[in-house]
Structures are given as C-alpha cells and as structure tokens.
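Trainee: Could you take me through this model? I want to know what stands behind each label.

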Amino acid sequence: MRTPYPLSVEQAMLDLGRRIAIARKARDYTQPELAAAAGVGLSTVVGIEGGHPGASIGNVFRLLDVLQLLGQVDSLLDPARDEMVTEAGVTKLMGSTTASSTVRGDLMRGSSR
C-alpha cells in the first residue's frame with residue numbers, strides 16, 4: 001500500500017501543472033497539440049497539468065522542451081543557491097572532476113547555469 005504524498009509535495013505538483021498549463025495557453029497550444037508535439041499521450045498532458053503524482057519527470061521535461069522552458073530546469077537545485085552546499089564546500093562534495101571544476105567556477109563567479 002502506498003502512503004499518501006505530503007501536502008507540500010501535492011501542492012508543488014499542482015503548482016507546476018498550473019504553470020505548464022499557463023505556458024501552453026500562452027503559446028496557443030491545445031492539450032492535444034502539446035501532447036502530439038511532445039510525443040506523449042493526451043492523458044499525460046492532462047495528468048501533468050492536473051498535478052498527478054504519477055507523472056514521470058521525463059514526460060514533464062518533454063513538455064517543457066516543446067514549450068521552450070527546459071532551460072529553466074537548470075536553476076532547480078542549483079548548487080550556488082543551496083546553503084548546505086556552499087557551507088559544506090563544493091570541492092569537498094564534488095571532488096576534482098572536470099564537471100565539478102565547472103560548477104566550482106560557476107559558484108566562484110556567482111553564476112548559475
């Protein structure tokens with residue numbers, strides 16, 4: 001038996017769904033048109049816009065890509081905006097890989113990717 005989602009999670013999913021619906025309407029897409037352009041079923045678009053907890057993140061990203069909003073995902077969990085990351089030190093958490101040096105450089109410059 002699955003446990004119910006916390007209210008904060010349900011609210012965040014509803015908010016995201018509403019924002020996707022607003023973005024879709026602003027671009028003059030109908031739900032069926034967005035579904036076809038994203039390669040998902042109509043029920044997927046309806047579910048995501050309705051905040052359904054079973055929506056996959058991949059399908060959400062497909063919609064965002066069609067709506068030309070996928071770039072906004074970069075600010076989600078941006079290490080430069082996470083106090084715990086900056087307090088712990090990026091070097092300690094990420095090691096010395098090329099990717100981590102890129103992130104460290106971003107943090108030092110105060111930019112987010």
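Trainee: What makes H2 roughly perpendicular to H3?

Mentor: Helix H2 (residues 31–38) and helix H3 (residues 42–49) pack at about 110°, with their axes 8 Å apart. Roughly perpendicular covers 65 to 115 degrees; under 35 is roughly parallel, over 145 roughly antiparallel, and the rest oblique. So H2 counts as roughly perpendicular to H3. Axes are lines fitted to C-alpha atoms, for helices over the stretch in contact, and angles run from 0 to 180 degrees between N-to-C directions. Helices themselves are DSSP runs (H or I, at least four residues), numbered from the N terminus.

Mentor: Two ground rules. This is a predicted model, in which local features need pLDDT of at least 70 and side-chain atom pairs pLDDT 80 or more, while totals for chains, interfaces and linings use all residues. Residues are numbered from 1 along each chain, and side-chain values use heavy atoms, without hydrogens or water.

Trainee: Which residues of H2 and H3 meet?

Mentor: Gln 31, Pro 32, Leu 34 and Ala 35 in H2 meet Leu 42, Val 45, Val 46 and Glu 49 in H3. Contact means heavy atoms within 4.5 Å. By class, there are 6 nonpolar, 1 polar and 1 charged residues. Ala, Val, Leu, Ile, Met, Phe, Trp, Tyr, Cys and Pro count as nonpolar, Asp, Glu, Lys and Arg as charged, and the others, Gly among them, as polar.

Trainee: What makes H3 roughly perpendicular to H4?

Mentor: Their axes cross at roughly 95° and come within 11 Å. That angle makes H3 roughly perpendicular to H4. Thr 44, Val 45 and Ile 48 in H3 meet Asn 59, Val 60 and Leu 63 in H4. That contact has 4 nonpolar, 2 polar and no charged residues.

Trainee: What does Met 13 contact beyond its neighbours within four places in sequence?

Mentor: Met 13, in helix H1, is in contact with Gly 51, His 52 and Pro 53. Its C-alpha lies 8.7 Å from that of Glu 49, 36 residues apart along the chain.

Trainee: Which helix gives the most to the lining of the largest pocket?

Mentor: H1, with 6 residues. H1 (7–26) and H4 (57–66) each supply at least two. By class, the lining has 15 nonpolar, 5 polar and 1 charged residues.

Trainee: What makes a space a pocket?

Mentor: On a 1 Å grid over the protein atoms alone, a pocket is an open set of points where a 1.4 Å probe fits, with protein on both sides within 12 Å along at least five of seven lines; lining residues have an atom within 4 Å of a point.
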